[in-house]
Protein chains: 2
Amino acid sequence: MTGTRSTGRRERLRIETTAEIKRTALELMGSGGPDAITLRAIAREMGMTANAIYGYFATRDDLVTALISDVYTALADAVDAAWAASAQDAPAERIQAWARAFRNWALANPEGFRLIYGDPVPGYQAPAGGAAPDAARRVCVGIAALADAAWGGAEQAYGDADFGWDDFDPGLLDKVRPAFPALPPAGVALALRIWGHLHGLVTLEVYGHLRAQTLSPDKLFHAELTHLVRSLGLAPGAPR
Amino acid sequence: MTGTRSTGRRERLRIETTAEIKRTALELMGSGGPDAITLRAIAREMGMTANAIYGYFATRDDLVTALISDVYTALADAVDAAWAASAQDAPAERIQAWARAFRNWALANPEGFRLIYGDPVPGYQAPAGGAAPDAARRVCVGIAALADAAWGGAEQAYGDADFGWDDFDPGLLDKVRPAFPALPPAGVALALRIWGHLHGLVTLEVYGHLRAQTLSPDKLFHAELTHLVRSLGLAPGAPR
DNA sequence: GCGAAAACTATACGGCGTGAAGTTTCTGAA
DNA sequence: TTCAGAAACTTCACGCCGTATAGTTTTCGC
């Protein structure tokens, strides 16, 4: 009768307000870009004083950090879901599904994409640890899954460079090696190379640099994706 | 005795001051990131009032636009020079030289790179025309030269996608088609694909996303570059 | 019912871009 | 040589921002 018992009313309100602050910040970002995330604007929107937000986030950067974590997690969820939803025995289609999910998410959430991968907000400096690096790592592990799925056919084209385990961040390897024991260092390198490859096309498109040159970035991306899959020794799956 | 006659003393001072403002802005950016570009800081550094800058740039965005033009032109100069300095009859080495110049410039001028390709400064929105798009186009034309040089061997791997001239911006084609008459639409697409490909790796590295995962982004880049050259049907040249 | 803690407001400071108005300095012609 | 006018620059002002400090209200646990 008195609502949830496990968490007090106060705590519940606190959680709700925290969520509302973040939601409002994301709305502002969506309509006015990353610079629209100002404590005062958020407070105005919520009918409170700017300083009240300090009860929830110690500083504006902390809020931005929380937003990045949330947004990055959403991206990781999206690509992981696309990967999980694709047929396990069709590596080419899985990779294409992953890449399309990455690009589609970026195009659907351009402000979020800039928040994650660009200069998010004036003067913001990412903290060392936290949830955002975790999400980044999740994305990397996701790409490692791509590399692992394709390694059989890709080894010939990508296995010649002499990578060693000490070329990579231990924190990444802690996640990758147990998950993909058969993947050698060059395979991890392949994962990062794929990431960079796709990232570049998507970044240019999201930031508008590509749109100034071509009218069909979509075609460009899919051509390059098909090429990548072939390059990995796989037969490209059906488009779309 | 009275100095240059073609331009008055006043005009000369004006040009010098304009240059000093831009130089100071670039210094501030170099030491404090793109957000350090504030009219007040520049003025402080130069011993004037912030409003005095309004005599030279109508608004802060105009100053940023001018900086982007300058920096973008410097990048275009750097890659063009590397291209011109490499042997004309060794397309693989030319491409590698171009790509290395691109990456090296980005790593040497990370702040400039973010200024060009990132969210440069809070709220800044690029104007439609001007020198910056020209420099961007110059870079694109430079990559088109790569594609043109490699098209003979690359056509097999990159020529299947059905691109037409109407997939591209007319302004780009105005520059590219006269310079490379033999290059078909798919070749122009290849240029943009190469651009995106390299851009991604460099962007991740400059923004620190890659460094969180690998300790040798250099190795990664060169492995990918070698792969790219091979993929273009060329034999990679000597490293470094 | 009450004391403490949590949530929130009020006020203030320095920094930002920028507009309006005033002041100094230079220039070119009478 | 003088002097109007333009150019360069300063001063003052406004409203924005993040945020520190202090004070006020609301709510919870006993």
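**Where chain A meets chain B**

Between chain A and chain B there are 6 salt bridges, each a side-chain nitrogen of Lys or Arg within 4 Å of a carboxyl oxygen of Asp or Glu. In one salt bridge, the side chain of A:Asp160 meets that of B:Arg230, at 3.4 Å from N to O. Helix 5 (110–117), helix 6 (131–158), helix 8 (185–206) and helix 9 (217–231) of chain A each bring at least two residues to the side that touches chain B; helices here are DSSP runs (H or I, at least four residues), numbered from the N terminus. Helix 8 of chain A gives the most to that side, with 11 residues.

A word on the model: it is predicted, so local features need pLDDT of at least 70 and side-chain atom pairs pLDDT 80 or more, while totals for chains, interfaces and linings use all residues. Residues are numbered from 1 along each chain, and side-chain values use heavy atoms, without hydrogens and water.

Now let's look at the whole interface. Here 49 residues of chain A are in contact with 49 residues of chain B, contact meaning heavy atoms within 4.5 Å.

Next, let's step inside. The largest nonpolar core has 83 residues, of which B:Trp98, B:Trp195 and B:Leu232 touch the most other members. Such a core is a set of buried Ala, Val, Leu, Ile, Met, Phe, Trp, Tyr and Cys residues joined through side-chain atoms within 4.5 Å, where buried means under 20% relative accessible area (1.4 Å probe, protein chains only). Helix 6 of chain B gives the most to this core, with 15 residues. B:Trp195 touches residues of both chains, including A:Leu204, A:His209, B:Tyr72 and B:Phe102.

Notes
Chains are lettered from A and ligands numbered from 1 in the order in which they are written. Buried means under 20% relative accessible area, exposed over 50%, partly exposed in between (1.4 Å probe, protein chains only). Lists of a residue's contacts leave out its neighbours within four places in sequence.
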